[in-house]
Amino acid sequence: MTSMKRVAVVTGSNKGIGFAVVRGLCKRYDGDVFLTARDEGRGQAAVADLNKEGLQPKFHQLDINDQSSVERLKSFLQTTYGGLDVLVNNAGISYRNADPAPFAEQAEFTCKTNFWATLESSRILFPLLRPHARVVNVSSVLAHRAISQCSPAVQGRFRDPALTMDGLEKIMQEFVDAAKAGKHREQGFPSSAYGASKIGKNIMTTIQDRDMRNDPREDIVINAVMFHEITDSNGFGLSQGPVSLSPIGSAHLGKLPRPSFFSSSFLPFNISRDRENCKDDVSEQPYPFVLVIS
């Protein structure tokens, strides 16, 4: 039987930023909140940790690199809830600075997950979005550092307001191909595979939101939030303990601004690993998810 209850899904949320987002949603959201993870055991363990805090997230297995996994989640949401109200695209990977993996490998694998897998999973799940749904793509301020390393010509291609998703995919593939040939800097691309993947994710967000404005479903907004540091990315990042969101100001999903990659309408997060000193920005507004603006 299909429930009309509201539902939120956070990808890649058994640890790090995603785990903190699930915690925050569980405290504020009037609906079911799904913690997802590639590994069911780790996901269920994360749910148990939140249960100890008196929170009741639900769990569903999800690997955004596995299309069949995304399709199973879609089928479950369609059958159980009839749609989707909040999607936080957090899943992603990064390599440690000292990782010996060749840059070509880092570029291919990082963009495969952070850009293409996010794009493909969004294409699968977006048809479920109900009117007034909100989508948040988790990014990084390292995207701004990476875009500053790009040549004026490459920056111009990214900035083109008429850029299509096909065009963006072409640019991202050019970066990966250039990295494999050892010519990414020569061709005007950045020296950070992670940063490049987040440029792609940010521009993807602007295109998704622009295209969604032509959708007959009312008031669906897609934006990105950019964190000031990398915390944890499926074992590849800088995992140094529990992560909490440390609010400086807040913008509710209901007031989520339209994205523009080169303006302040992307929302940067500040984060803290100190759970004890993290003060929640409690809101009485009807929208569930608090985005932290620095």
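This is a predicted model: local features need pLDDT of at least 70, side-chain atom pairs count only at pLDDT 80 or more; totals for chains, interfaces and linings use all residues.
## Basis of the description

Residues are numbered from 1 along each chain as its sequence is written, and side-chain values rest on heavy atoms, with hydrogens and water left out.

## Overall content

The chain contains 8 helices and 11 strands, these being DSSP runs numbered from the N terminus, with at least four residues of H or I for a helix and at least two of E for a strand. Of the 294 residues in the chain, 55% are buried; buried stands for under 20% relative accessible area, exposed for over 50%, and partly exposed for the range in between, with a 1.4 Å probe and protein chains only. Among contacts (heavy atoms within 4.5 Å) between residues at least 6 apart in sequence, 78% join residues at least 24 apart.

Helix H4 (residues 103-125) packs against helix H8 (residues 193-212) at an angle of about 20°, with the two axes 8 Å apart. H4 is therefore roughly parallel to H8, a term for angles under 35 degrees, while those over 145 count as roughly antiparallel, 65 to 115 as roughly perpendicular and the rest as oblique. The axes are lines fitted to C-alpha atoms, for helices over the stretch in contact, and the angles run from 0 to 180 degrees between N-to-C directions. H4 passes H8 in a right-handed crossing, in which the near helix is turned clockwise from the far one by less than a right angle, anticlockwise being left-handed. The H4 side of the contact includes Phe103, Thr110, Phe115 and Ser122, and the H8 side includes Ala193, Tyr194, Lys198, Gly200 and Met204. By class, this contact has 8 nonpolar, 8 polar and 2 charged residues, where Ala, Val, Leu, Ile, Met, Phe, Trp, Tyr, Cys and Pro count as nonpolar, Asp, Glu, Lys and Arg as charged, and the others, Gly among them, as polar.

The axes of helix H3 (residues 67-80) and H4 come within 10 Å and cross at roughly 30°, and H3 and H4 are therefore roughly parallel to each other. H3 likewise passes H4 in a right-handed crossing. Here Gln67, Val70, Glu71, Leu73 and Lys74 of H3 meet Ser121, Ile124 and Leu125 of H4, a set that divides into 4 nonpolar, 2 polar and 2 charged residues.

## Nonpolar cores

In soluble globular proteins, nonpolar side chains tend to be buried together. A nonpolar core is a set of buried Ala, Val, Leu, Ile, Met, Phe, Trp, Tyr and Cys residues joined through side-chain atoms within 4.5 Å. The largest such core in this chain has 27 residues, and those with the most contacts inside it are Phe115, Phe158, Leu168, Met172, Phe175, Ile199 and Ile203. Two or more residues each come from H4, helix H5 (142-149), helix H6 (152-159), helix H7 (165-180) and H8, and the largest share, 8 residues, is given by H7.

Leaving aside neighbours within four places in sequence, leucine 168 is in contact with Phe115, Phe158, Leu163, Gly200, Ile203, Met204 and Ile207. A second, separate core of 23 residues includes Ala91, Ala117, Ile124 and Ala133.

## Individual buried residues

Leucine 84 lies in strand E4 (residues 84-89) and counts as buried at 0% relative accessibility. Its C-alpha atom is separated by 9.4 Å from that of proline 131, 47 residues apart along the chain. Not counting residues up to four places away in sequence, leucine 84 touches Val7, Val9, Leu77, Leu128, Leu129, Arg130 and Ala133.

Glycine 43, in helix H2 (residues 40-51), is buried with a relative accessible area of 0%. Beyond its neighbours within four places in sequence, glycine 43 is in contact with Asn14, Leu35, Ala37 and Phe59. Valine 21, in helix H1 (residues 16-28), is buried with a relative accessible area of 2%.

## Positive phi values

Histidine 132, in strand E5 (residues 129-140), has a phi near 75°, a positive value in a residue other than glycine, and is partly exposed with a relative accessible area of 42%. Aspartate 219, in the loop between H8 and strand E6 (221-227), also is not a glycine and has a positive phi of about 55°; aspartate 219 is partly exposed, with a relative accessible area of 31%.
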